[in-house]
Each structure stands twice: as structure tokens, then as C-alpha cells.
Amino acid sequence: MEEELRRAAFGDSPDLDVWSALSSTSSRVRWLAAVVLGGQGHYAAAATVLDALRHDPDPVIASLALSTRASHHRQLGAHHLARPLDGAALAGVRSTGGGDPDGIDADGARTDALLGLAADSLGAQRLGEARGLLARVETRSWRSEVRRGWVAAEIELASGQAHAAVAPAEEAYGVATSRKALRHELKSALVLGTSLVVWGTPDGSTRGVELVECELNHSVAKGLHPLIWPSALVLVGHAPTVGATVIDRATKALSCVLRRADPVSRQVALDSPWVPTGLLRSGEPPNADPQTNFLTD
């Protein structure tokens, strides 16, 4: 079962039905299932699993559970709720060690926690702190390399340096594509496409829109709702000919994500400046800028 769950979490089947795995006796399998559920936007179900796993006797799983829960908070704009979880995740990894192909080990857990803290600082607009945390990251797995590229690109976007965001985003996209890690590939296409359209060169803008349009179609097909609404927002802002269909996709995806969130996360999202919940009320294009931090994983 673990191999099948790895394919769903980090491979070519992110739309896999993993509900039965939640009753597994293996904490690693349950964590993998929670990762998949989060990618599909089932945040409340994932939270139930992750909140239990944060007390797991395996310190690696406990740390990864904390970091994963933090990433789900960030995806709903709750960086302030994510930060203490990422801090606890980092404090809980007292040993070193790697070798797992997907970074499900002490080194991977430490990297996830540091990248999470950098993203939390970015959400709080403490860019210097975010850069300092990113500089501490040592990547020893493909997944860590991809996530480092995302955070590096987002820091440059938030700094108004879109041209500097392209290289780390391109690197993340290349690694994820080579690993056939579909959800990571799609997220990387979103980060790269956003970096290109914000940079705004003619060729870059064309490629960026094409990347995000393709990513959006695949995300819809796979039911990856947390990727759908930010992708649609990028297209609304930079490809105005996409029309009402894309706005409708964003509205439906965001509505679905919020319905599947736990009550605390849902309320935080509704109050967050990072989440365009006005879209749910008006159905009109939101006043959203792709440079804002709604990409952070």
C-alpha cells in the first residue's frame, strides 16, 4: 500500500482515492494519505489525520505531520497559524539522516520545516528573514529541491524581482517533470508561469500563460482544487480573453476548498487578505495580484 500512496502523493496519480488508507496501522501510510487528501483540497479530513500524527512516536512522521498541517494553513492564507507548527516541526527533528527517495526522513523533515518557516516569514512580509531561512536549507531529495525552488521564486516575486524568480521556478519545474511527480509538476508550472507573466517580457508572457492554461486544465481533470483557483486568478489578471469560464472555475474550486476545510481554517481563510473570498460573493474578477503569496505550499 505504501508504494501506491507514494505514487499518489509524489507521482503520477494525485487523484487516487485514498480514504481506505486512513485506517492503516502504518503512520507513514496515514501521513501519505493526508498529503494526498490535502492536494485534493480535503483539508478537514487531512487535518484530523495530521493532528493525531503530530504525536506519533516516530519523530520524523511527527515533524512531517506538523509541516504538512502548516502548509495547508498557508494555502488558506493562515501564515500565522502555520508558523508555530513549522517551528515545532523543526524542533522535533533532533537527528540527521537521509536516503529516502522522497525525503521521508530526518533530513527531509528538517528541510520541510525550514522551507515552511521561510514561507511563513514571506507571508508576514519579512523578506529578509525569509531569505535567511532559505539560505539554511540543504536539499537531499528531489522533493526538497522542488519546494526550495517554489519558495525562492515566491520570495523574488514578493520582492518585486520577477526576473529573478524565473530561474528557481524553472529549476523546480524541470526536477518535478523529470520525476513524473504530477502534482509537483503542475504546481511548478503555476509558479513558473506566474513568474513569467509578472516579469512581462513578450515571449515570457506568452509562455507563462500557456503554462498556466495547461496546468489549469490538468488540475481540473485531476480534481486538484487548491491549484485551480490560484491558476485561474493568474489567467484572469494576465489573459483577459479567458472570459467567464475561468472565473467560474476559480469560484467553484475555492468554494469547494472552503467547504472541505475545518471550521477554524475556513474562518481564517474568509478573513485573510491572501484569499480572494470576494470572488465567492460577487462572481467578478477579484482585485488579486499574482505577486501575492497565494502560491506557497
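C256 counts as buried, at 8% relative accessibility; here buried means under 20% relative accessible area, exposed means over 50%, and partly exposed is anything in between, worked out with a 1.4 Å probe on protein chains only. C214, by contrast, is partly exposed, with a relative accessible area of 40%. The model is a predicted one, where local features need pLDDT of at least 70 and side-chain atom pairs count only at pLDDT 80 or more, while totals for chains, interfaces and linings use all residues. Residues are numbered from 1 along each chain as its sequence is written, and side-chain values use heavy atoms, with hydrogens and water left out.

As for disulfides (a pair of cysteine sulfur atoms within 2.5 Å), the count comes to zero.

Salt bridges are another story. Side chains of opposite charge can pair when their charged atoms come close. The rule asks for a side-chain nitrogen of Lys or Arg within 4 Å of a carboxyl oxygen of Asp or Glu, and by that rule the count comes to 20 salt bridges. One of them joins D51 and R69, whose closest N and O atoms are 3.1 Å apart. D51 sits in helix α3 (residues 43-53) and R69 in helix α4 (residues 59-75), so this pair ties together parts that are 18 residues apart in sequence. Helices here are DSSP runs of H or I with at least four residues, numbered from the N terminus.

Next come R140 and D107, whose side chains meet in a salt bridge of 3.9 Å, N to O. This pair links distant parts of the chain, 33 residues apart: R140 is in the loop between α7 (127-135) and α8 (142-158), while D107 belongs to helix α6 (residues 106-123). R140 counts as exposed, with 55% relative accessibility, but D107 counts as buried, with 12%.

E156 and R131 pair up too, with a salt bridge of 2.9 Å from N to O. Again the link is between distant parts of the chain, with E156 in helix α8 and R131 in helix α7, 25 residues apart. E156 is buried at 15% relative accessibility, and R131 is partly exposed at 36%. Salt bridges also join up into a network, which links E2, R6, R28, D100 and D102.

S219 has its place in helix α11 (residues 202-222) and is buried, with a relative accessible area of 0%. The side chain of S219 makes a polar contact of 2.7 Å with the side chain of E215. A polar contact is a pair of N or O atoms within 3.5 Å; within protein, one must be able to donate a hydrogen and the other to accept it, and residues adjacent in sequence count only if both atoms are side-chain atoms. Leaving aside neighbours within four places in sequence, S219 is in contact (heavy atoms within 4.5 Å) with L186, L224, L227 and I228.

L224 lies in the loop between α11 and α12 (225-238), and this leucine is buried as well, at 0% relative accessibility. With neighbours within four places in sequence set aside, the contacts of L224 are P14, G39, Q40, R183, L186 and S219. L134, meanwhile, is 90 residues from L224 in sequence and 27 Å from L224 in space, C-alpha to C-alpha.

How values were computed. Helix = DSSP H or I, 4+ residues; strand = E, 2+ residues; numbered from the N terminus.
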